[in-house]
Amino acid sequence: MNRKTMLVSVMMILALGAGVYGWTSADTANKNISQQKQELRTMASKNGSLETQLEALKISNQVSRHASSSSDSASKRVDTTSSQSDNLTDTTQKITAMMNGLLQGIYSPKTATTMGQYEAMKPYLTGEAIQTFMPDRDTPISANGFQETTINDLRVYVTPQGDDYLLMARYELGNNKTNTNKKTTMVFQGTVRKVSNDYKLAAFDSNRALSGVTP
């Protein structure tokens, strides 16, 4: 083999070697790229999962805040309703005390006359009601046995209406002079108004006996 032939052979060997190295490097590079793509897909999947979890966490927090807000609102409504109920109970107790005094003034005045009765009622009446109950003249009422009358089992029911209260009072009316066992169930209806710190009768509708009613 002459020198030229040997040179060509060496060059071919080197070229083949370079080709094999190139193929090997290319294959390694392709594998590296494929591996990187797979890692990127995995990372993207993880990131996507993380984003999904974060989004779910955001939604969960929003729901929790909404639930907490709703709970607070419900609690406030319950507190408000409870407060209103307590206020009405307190008002009813005060109106019951007022009605007891008014009925005592009607049935058991210290002075057994229509004017004495009127004077006994006045502390429990507003200006309008005072005019309504004012008698035309003073006449004795002792013949009716008013001072022997007893008031039992007074029950008062009130309904708020603006600044006033609709009133219905039920009570038993007895008379110690005639028959202690005989009682009449009575129903008193009217309108009550708050005057300063007191409750007074502002309007009178009726005070009648209920026949056939068992207390």
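This is a predicted model: local features need pLDDT of at least 70, side-chain atom pairs count only at pLDDT 80 or more; totals for chains, interfaces and linings use all residues.
In the hairpin of β1 and β2, two residues stand between the strands, and Gly162 there takes a positive phi near 65°. Strands here are DSSP runs of E with at least two residues, and helices are runs of H or I with at least four, numbered from the N terminus. Strand β1 covers residues 149-161 and strand β2 residues 164-175; they run antiparallel and are joined by 11 bridges. Two strands count as paired if DSSP finds at least two bridges between them.

Residues are numbered from 1 along each chain as its sequence is written, and side-chain values use heavy atoms, with hydrogens and water left out.

I turn now to the aromatic residues. The structure holds four aromatic pairs. Rings of Phe, Tyr and Trp (its six-membered ring) pair if their centres lie within 6.5 Å; planes under 30 degrees apart are stacked, over 60 edge-to-face, and the rest tilted. Tyr165 and Tyr199 form an edge-to-face pair, at 6.0 Å centre to centre with 70° between the planes. Tyr165 belongs to strand β2 and Tyr199 to strand β4 (residues 198-209), so the pair ties together parts 34 residues apart in sequence. Tyr165 is buried, with a relative accessible area of 17%, and Tyr199 is also buried, at 10%. Buried means under 20% relative accessible area, exposed over 50%, and partly exposed in between (1.4 Å probe, protein chains only). Finally, Phe133, Phe188 and Phe204 form one aromatic cluster.
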